[in-house]
Amino acid sequence: MKFLVCISQTPDTTAKISFNGDGTEFNAAGVQFIMNPYDEWYALVRACEIREALGGTVVALNVGPAANETTIRKALAIGADEAVRINADPKSAAFTAKQIAAYAADQKFDIIFFGKETIDHNGSEVGAMVAEYLDLPYVSYASKLDLNGNVAAIEREIEGGVEELEVDLPFVLSAAKGMAEQRIPNMRGIMTARTKPLTEVQPVAFDENSKVVQYTLPPAKAGVKLIDPENMDELVRLLHEEAKVI
Amino acid sequence: MVLVFAESPRGQFKKAAFEAVTYGKKAADILGVSCVAITLGSVKDAGELGKYGASRVLNVSDNAYDHFDSQAYTSAIADIAKQVGAKLVVVSHSSTGKAVAGRLAVRLNGGLVSGANSLPVVSGNGIRVKKSVFSGKAIAEFELSASVNVLSLMGNAVKPEVSGAAVSVENVSVNSQKGRVRVKSVRTQEGIVPLPEAEMVVSAGRGMKEPGNWNIVEDLAAVLGATTACSRPVADSHWRPHHEHVGQTGIAIRPNLYIAIGISGAIQHLAGVNNSKVIVVINKDPEAPFFKAADYGIVGDLFDVVPRLTQALKKFKSQG
Ligand SMILES: Cc1cc2nc3c(=O)[nH]c(=O)nc-3n(C[C@H](O)[C@H](O)[C@H](O)COP(=O)(O)OP(=O)(O)OC[C@H]3O[C@@H](n4cnc5c(N)ncnc54)[C@H](O)[C@@H]3O)c2cc1C
Ligand SMILES: Nc1ncnc2c1ncn2[C@@H]1O[C@H](COP(=O)(O)O)[C@@H](O)[C@H]1O
């Protein structure tokens, strides 16, 4: 079995978000970066668990600059066997997907894992795009994954419920909560991560057809209106007359 | 031409489909073209989409589409997009729409904005559309310059609007790939509005002390007709089911009304709820960070305040 886990690097969940003067670029100064939680907690851990049970190889892949290697080493410490970094600035989901697809095209991965979305772009785009490039089935928002030989049994989150399905290998999957439990890398993992192979791959050309022209911060809230806890009729009145939501 | 894929889980439209068609009609007016809707599989009353602005409603009636498969859906929608000469393809930002939007963009060689929440603005040869990024902490405006572009529309970003009359449904056939995913079963909770679609949400956190206290939350939700939600530690300690967990690592929602009870308002929680139109916070700690994100705040003990609010709402409802 050969699994590819695509990991992205995102600003820490508590990071303060700001942009350069004309609002065209994210201001990374002073921002702490982490591995995207869905990629780390769910996709990577489940891939490692299956490899531990059935054997095989887990390859972690990141499209990003050399500075991302700390995050990539963490994936190796959690349990990936080897890693690949495609040396490019991941300008857009479309660009990133093209790079991943170009790399994976002739590698015969059994499952290509994604997180359900990145917490910075919130796109849920890359996985679907890679699946299309490679002409593979795509199961998104998977909360449970088990393998039976060549067949995967999957539960997938849908609006207000769960869909149970089966699909034959190979396929592409995006992982959501429920698939696995977060793993804290142990000392041995951290030590062995240093010597595991990390290959650098050069990007392929891509023509962008979408770009961010402007970032803005959401308008600040007017400020909270405090209501006397004894007087809930007043809150009801405000929700009806002022906010017009009931 | 704007092509809207109106999804019909288990044969019926939900609000998301009417929102998508309403959005498609408005976008079509901006672009000076017409709006066509496409439905897949067996669908009840597909012609109703005409009311929301679709000038034609197409259906591929093959029951192979009764279960979702991203490859089969994508190839069918892309084929129709080519047949009708779509410039813009709109899908819902749902579990279905998200899984086809990226595929469609690749297949049609188009630009993509997933989770769009504003109408397109014409800019040169392309269009500009906004979406929320960084888990609600910022807004990004995208420019799409391809000859066909794809949008997935965020839930609750537009209100369904009736602007026309029902039309007759045209059966069409497509040159589509076969699905390879075998759906075995679909389990949904009937009778409650799923969180991503809910217009009102009553949510509670660790301040509830123990799961046995949730009746006051449920009573409040019941008078409002709201869906219940919870913070992450509440779901993690199995006080409430996982599908109720909202926030950065749970579900992101944007209801009209979000009532937060005994939730501190950690940044990861806010990330999933700060796009709500109106936020009410009930917390005994006046320093709780949630008050900074709230429209209305009640500093008090939730065990007193929540039943009192439920009573006040009952009174309001009975006065009609
Ligand atoms: C990477 C990451 C991702 C995360 N993702 C999420 C997420 O998606 N969603 C999420 O919710 N959290 C998430 N968290 C956790 C988050 O940081 C907070 O720990 C969590 O939201 C706190 O939950 P809470 O508000 O229910 O509990 P607490 O923080 O314990 O707050 C309880 C609140 O109840 C109030 N209270 C207590 N008793 C009463 C009473 N009798 N009456 C009135 N008020 C009372 C207290 O004043 C307090 O403000 C994430 C954390 C990390 C690190
Ligand atoms: N730069 C990247 N390198 C590798 N994988 C990525 C990168 N960006 C996104 N991904 C993967 O694509 C998933 C979805 O990302 P997005 O479409 O941005 O929501 C993430 O959860 C990752 O698994």
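Analyst: Helices (H or I, at least four residues) and strands (E, at least two) are DSSP runs, numbered from the N terminus. This is a predicted model: local features need pLDDT of at least 70, side-chain atom pairs count only at pLDDT 80 or more, and totals for chains, interfaces and linings use all residues. Residues are numbered from 1 along each chain as its sequence is written, chains are lettered from A and ligands numbered from 1 in the order in which they are written, and side-chain values use heavy atoms, without hydrogens and water.

User: Start with the backbone. Where is A:Asn122?

Analyst: A:Asn122 sits in the loop between strand 6 (111-115) and helix 4 (126-134) of chain A. Its phi is near 50 degrees, a positive value in a residue other than glycine. Most residues other than glycine have a negative phi, and most peptide bonds are trans.

User: Which peptide bond is cis?

Analyst: The one from A:Leu169 to A:Pro170, with omega near -5 degrees. A:Pro170 is in the loop between strand 9 (161-168) and strand 10 (171-175) of chain A.

User: Switching to the ligand. Which chains does ligand 1 lie between?

Analyst: Chains A and B. 28 residues surround ligand 1 (a heavy atom within 4 Å), and B:Ser231, B:Ser264, B:Gln268, B:His269 and B:Asn283 are the closest.

User: What polar side-chain atoms lie by an oxygen atom of ligand 1?

Analyst: One of B:His269 is 2.8 Å from an oxygen atom of ligand 1. One of B:Asn283 is 2.7 Å from an oxygen atom of ligand 1. A polar contact here is a pair of N or O atoms within 3.5 Å.

User: And a nitrogen atom of ligand 1?

Analyst: A nitrogen atom of ligand 1 is 2.8 Å from an N or O atom in the side chain of B:Thr249.

User: Now helices. At what angle do helix 1 and helix 2 of chain A cross?

Analyst: Roughly 45 degrees, and the axes of helix 1 (residues 37-54) and helix 2 (residues 69-78) of chain A come within 10 Å. Axes are lines fitted to C-alpha atoms, for helices over the stretch in contact, and angles run from 0 to 180 degrees between N-to-C directions. So helix 1 of chain A is oblique to helix 2 of chain A; angles under 35 degrees count as roughly parallel, over 145 as roughly antiparallel, 65 to 115 as roughly perpendicular and the rest as oblique.

User: Which residues meet there?

Analyst: A:Glu40, A:Leu44, A:Val45 and A:Cys48 of helix 1 of chain A meet A:Lys74, A:Ala75 and A:Ile78 of helix 2 of chain A (heavy atoms within 4.5 Å).

Technical notes:
Polar contact = N/O pair within 3.5 Å; in protein donor to acceptor, adjacent residues only side chain to side chain.
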